[in-house]
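These are my notebook entries on one structure. I set down what I looked up and what I found, topic by topic.

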Amino acid sequence: MINVREVTKRFGIGASAVTALETVSLDVPEGSFFTLLGPSGCGKTTLLRLIAGFELPSEGEIALDGQEIGHLPPHKRPVNTVFQNYALFPHMTVARNIGFGLEMLNRPKAEIASAIDDMLNLVQMGEFAARRVDQLSGGQQQRVALARALAPRPKVLLLDEPLSALDLKLRKGMQSELKRLQSETGITFVFVTHDQGEALAMSDQIAVMSAGRVQQVGTPQQIYTAPQSRFVADFIGDTNIVAADLLGYDGAQARISFFGGEPLLANAASDGLPPGVVYVALRPETLTVCAASNAAAVLRGTVLDSSYFGAGSQMRVRLQNGTEIQVQVAEPSPAGSEIGLIPDTSMLHVLAD
Amino acid sequence: MGQGMQQTSPTAQNLQQAVAARSRTVRRVRLFLLLPALVIIGVFGLAPLSIALVYSLLEPGTYGGVEWVFSTDAYVQFLFERDIFDDTLSFNSAYLQIFGRSFGLALCAMIGNLILGFPVAYFIAARPPEQRNLWLFAITLPFWTNLLIRTYSMLLIVRDEGFLNLALMQLGLISAPIEMLYTDGAVLAGLVYSYLPFMILPIYASLEKFDFSLLEAGHDLYASRVQVFRHIVIPISRPGIVAGCALVLIPALGAYITPELLGGGKKLMIGNLIAMQFGSGRNWPFGSAAALILMSVVLIALLVSLRAGAEKEKAHG
């Protein structure tokens, strides 16, 4: 269990200081696959480096299993890292790379040797023990980097965009491989990525970050289906964000109306928004197409074009106020035709900002 | 099938001839292109060495030069003294001592340069790439001045009325000048100063592509700063350290100007000994022999250290 408590990280001093993290608080449950997701520069790597100990927090605390570790040097933390560029030691064999952590911990030779064997088997690199690391392919180096970080049996494994250097096919394979390693070892994984598909596919929990802050923490389902802010909705998947009028609240649900139409009830991230213009997230796959003349149609628009992606087609539709949205359908309507759209109200979310 | 072969055989023969002619031309062109390098090695490397070897096996002329009489006296003289009256040989360690001091000074200069040069090279390699050339430029800047002039300026600093003594006296740390000039210390300081860039540049070259995230990886895997340095930085920069040590040790062994000026000709090094034989000593064969002995010792030492290095590499896998 990692508890990040109101951590702020500033780089530089005085007026030129840049704030990379702004009072971030997070709880990473023990044994979970936890992902820090966000665009580059959002502070996710800084947070990872703070947990690893490569940077020290300007303010706040980081605790591991109840013990404050935020100010310990990296070699005193039971935390290991898989680096983005792998950072394998080029002057050592695969086996010595994997054994390095245990060697530094002064473990007996026999224990180190058996740990190396176990790790080589775990990442299916058995026959490469005596190879030099520069003789390995990217995917193989990736496995060695994983084995090296897992060999000392850390309490937490940190992964800094480890798949970004791999090609698409290898990346898919490594995703399930990482998932398997995580459940086999039971070690807490903290995974940093900017790839929302990767995050949704692998994580038990995701923290979406932007501009040095945590925007939302939740399971992949929660993050995808119930985004709380415009940023999260926009960042995860191809979400349509459409303006609507907030008329008031009905219990926990918000009463809204699109373009002055019939009021309908939608989920709301917060019930404290004043009446007026709000933004609503509409997933492309939660919209049903009907005839433009259908009285049940909530939105009306013109089909601009459509693209086929295998499991269906994605239509670009221009709404009456000019907003372009994506609609996922089995049979696209011809370009230029007027259509009506009925949203699944259980999947409608009024965003907090 | 056989018939088919016979039909094509004239063409095949032509092809073979053409290929043979072509490879002859290629060989001739290659030889021609190698010629400048071969000439340079021959004229400036092998020929002087051969002359030195021949001279070392002759007798000295009375006024310098050589008498064309075969003799191994030059080599005998290195270790033994021949009695003027009865020609008996007695062991004489005077020249060995000069060799010993030269090796001692050169080794100290090498170690001093390693201690001073490594941090400098590491520092430059850790700078952002656009700054590194400026630092390298600063390191090589003194080389624009002649070694003789640099050594003279060193002399001005360490002599009794020199800058160093004056500064120390002004500060009240000493009351009378310390005699620094014409000591082994002065020669050593001169050697360290003269050859420092030869240590810095090869170590920098080996660290230039150093991936500094390896340091983080080491720390992350429970290595302390000292352990990271020992297990990661040193092994990766080893080729540069070895090259730098060789580049300092070898010229420092044969140094001439530095011991001549800063050692005052009293604290001889091999270079001065050899030079003296061709000058006032008028013993060209002995000078040649001393030069060849020095060269052989250095060669053997290099081969041994190279082999040791290779074995260490193998042992580590």
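In which sense do strand E7 and strand E8 of chain A pair, and over how many bridges? I worked from a predicted model. In it, E7(A), residues 156-160, and E8(A), residues 188-193, pair in the parallel sense over five bridges. I noted one pair of positions here: Val156(A) stands opposite Thr188(A) in E8(A).

**Entry: the sheet of chain A**

I then looked up the sheet as a whole. It is an open sheet of six strands, and I read its order as E6-E7-E8-E3-E9-E10, with mixed pairing. Strand E6 (79-82) and strand E10 (213-218) of chain A are the edge strands, each of which pairs on one side only. From one strand to the next, I recorded a twist that averages 20 degrees.

**Entry: helices H5 and H7 of chain B**

Two packed helices are described by the angle between their axes and the distance between the axes. I looked up both values for helix H5 (residues 147-158) and helix H7 (residues 184-207) of chain B: the angle is about 140 degrees, and the axes are 11 Å apart. Angles over 145 degrees count as roughly antiparallel, and H5(B) and H7(B) are therefore oblique to each other. Their crossing is right-handed. On the H5(B) side I listed Leu147(B), Thr151(B), Met154(B) and Val158(B), and on the H7(B) side Ala186(B), Gly190(B), Tyr193(B) and Ser194(B).

**Entry: helices H7 and H9 of chain B**

H7(B) also packs with helix H9 (residues 225-253) of chain B, at an angle of about 160 degrees and with the axes 7 Å apart. H7(B) and H9(B) are therefore roughly antiparallel to each other. The crossing of H7(B) and H9(B) is right-handed. Among the residues that meet, I noted Leu191(B), Phe198(B) and Pro202(B) in H7(B) and Gly240(B), Leu247(B) and Val248(B) in H9(B). The contact of H7(B) with H9(B) divides into 15 nonpolar, four polar and no charged residues.

**Entry: where chain B touches chain A**

How many residues does each chain bring to the contact? I recorded 16 residues from chain B and 20 residues from chain A. On the side of chain B, helix H8 (213-220) and H9 are the elements that give two or more residues. H8(B) gives the most, with six residues. By class, this side of chain B has eight nonpolar, five polar and three charged residues.

How values were computed
Residues numbered from 1 in each chain as written. Chains lettered and ligands numbered in written order. Predicted model: local features only at pLDDT ≥ 70, side-chain atom pairs only at ≥ 80, totals over all residues. Axes fitted to C-alpha atoms, helices over the stretch in contact; angles between N-to-C directions. Helix = DSSP H or I, 4+ residues; strand = E, 2+ residues; numbered from the N terminus. Parallel < 35°, antiparallel > 145°, perpendicular 65-115°, else oblique. Left-handed = near helix turned anticlockwise from the far one by under 90°. Contact = placed C-beta atoms within 7 Å. Nonpolar A, V, L, I, M, F, W, Y, C, P; charged D, E, K, R; others polar. Pairing = 2+ DSSP bridges.
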